[in-house]
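Let's take a walk through this one together. Have the viewer open and follow along.

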Amino acid sequence: MNQKIVHSNVTVGENGHLYFAGMDTVTLAEKYGTPVFLLDDSRVRARIREYKEAMQRNFGAGSMPLFASKSLSFKEIYRIMAEENIGTDIVSSGELFTAVSAGFPMERAFFHGNNKTDFDIEYAIENGIGYFIADGIEELERIDEYAGKAGIRQKILLRITPGIDPHTHQKISTGGVDSKFGSAIETGLAKKVTDFALSKENIELCGFHCHIGSQIFEIEPYVTAADIMLTFIADMKARFGFTAKILNLGGGFGVRYVESDPEISITKNIDAIAEHIHAKCEELDVKLPTIYMEPGRSIVADAGMTLYTVGSVKEITGFKNYVSIDGGMTDNPRYTLYQSAYTLRLANRANEKADFPCTVGGRCCESGDLIQENVMLPKPKRGDILAVLVTGAYNYSMASNYNRVTRPPVVILRDGKDKLAVRRERFEDLIACDI
Ligand code: LLP
């Protein structure tokens, strides 16, 4: 096997084929058809264990990652999280339903969202949701009401906006004062909402949450966020005598998509953040709360790969070359939305010289339906298999049926064996809701 490509689970075999998680991707494309999502199970579990080890060593046995399942949601994912004994962050009743269907223990589920409907709140309580991460006053009123009806005291965390601007894409930055999420400390709303939550009979306020954004490579914004949150915790103790048992620092660790991206060490990041948290707790005389984090991307992104088949190659002399594949923005809208960089390889000719500049596009009736622009590949031809690397996060979960395209299957690679986790959609699925 040759050297890794971007991540250690991607290599080139002696037959010139691309291997993923030790398996020949060309064989997998033949077996399952394309497009197909592959997921390297051992990579997912290794990432989870790395988070768990670092968090529990630094913050104690109760500390754990809560997988942000918006990044990848289907039944088998929740089974993996359940087996690994971690929590999960869900953001809709649909994710909750999927988790419940997979037998995920609801006491370790945290329900997010800036506008939970009455249905969401009632449905989650009926299903024994562990915690709501409550966004504001209206929601607290409803949680109190439905918890009262159910005869329980519902545990919650409050989502707080620390007022931080991490250096990431604007559409995935969430911690600023002007964010649509949570209550800002700066405006005084966070304090008011805390007071309100504490006044509610059927609500048990357990602590606070913040999430500053996604695809963040620096440690500094986390340290600043932790500082601000611990200072807020100290303030709430002084004002209301309230001791926060939990501090959830959200997700957002950056992932390497292309060789030029840095590769962060989860362990080193957590160690550095922890050192700061311990010092700050001492300075403020705050008892260390149980620390949770909500990683999504950094757990599943590099465990994923998508395989496509090349359909056409169009050379527009003097302009550019288009390579069209049998998928596109319907299975990966991230280039269209955020101009996200990806690494591409021809899976069946992975050892050939990449000397053909091209733009890789999908099949949708939109010029913006592109997977990547200005990449170099060996000149593709119809029937070649194109692999897009690091597609485990926010690809399958953001896939759509635009143009009535059926969504690809997800195949889990585990111990050198492949297993279907989500079957390919059929045409009948497309009209399943049509009357
Ligand atoms: N917690 C909360 C409250 C979040 O909003 C998010 C992501 C996470 C945790 C997980 O963040 P991660 O560890 O995955 O960075 N569709 C975009 C990403 C949107 C992120 C939304 N929130 C993309 O494809 O880049």
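What volume does the second largest pocket have? It comes out at about 310 Å³. Keep in mind that this is a predicted model, so everything here is computed from predicted coordinates.

If you want to find that pocket on screen, look for Ser73, Tyr396, Arg407, Val422 and Glu425, the residues of the lining that lie nearest its centre.

Now zoom out to the domains. The protein chain is split into domain 1, which is made of two segments, 10–40 and 301–430, and domain 2, which covers 112–295. Where they touch, domain 1 brings 9 residues to the contact and domain 2 brings 8.

How much area do domain 1 and domain 2 bury between them? The figure is about 810 Å², and 57% of that sits on carbon and sulfur atoms. The side of domain 1 that touches domain 2 counts 6 nonpolar residues, along with 2 polar and 1 charged.

As for specific interactions, there are 0 salt bridges between domain 1 and domain 2. The polar contact rule does pick up 1 residue pair across this interface, with both residues at pLDDT 80 or more.

Key: Residues are numbered from 1 along each chain as its sequence is written. This is a predicted model: local features need pLDDT of at least 70, side-chain atom pairs count only at pLDDT 80 or more; totals for chains, interfaces and linings use all residues. Side-chain values use heavy atoms; hydrogens and water are left out. Domain bounds come from an automatic or database domain assignment. Contact means heavy atoms within 4.5 Å. Buried area is the accessible area (1.4 Å probe) that two parts lose on being put together, summed over both. A salt bridge is a side-chain nitrogen of Lys or Arg within 4 Å of a carboxyl oxygen of Asp or Glu. A polar contact is a pair of N or O atoms within 3.5 Å; within protein, one must be able to donate a hydrogen and the other to accept it, and residues adjacent in sequence count only if both atoms are side-chain atoms. Ala, Val, Leu, Ile, Met, Phe, Trp, Tyr, Cys and Pro count as nonpolar, Asp, Glu, Lys and Arg as charged, and the others, Gly among them, as polar. On a 1 Å grid over the protein atoms alone, a cavity is a set of points where a 1.4 Å probe fits but cannot get out, and a pocket is an open set with protein on both sides within 12 Å along at least five of seven lines; lining residues have an atom within 4 Å of a point. Grid points are joined across faces, edges and corners, and a volume is the space filled by probe spheres set on the points.
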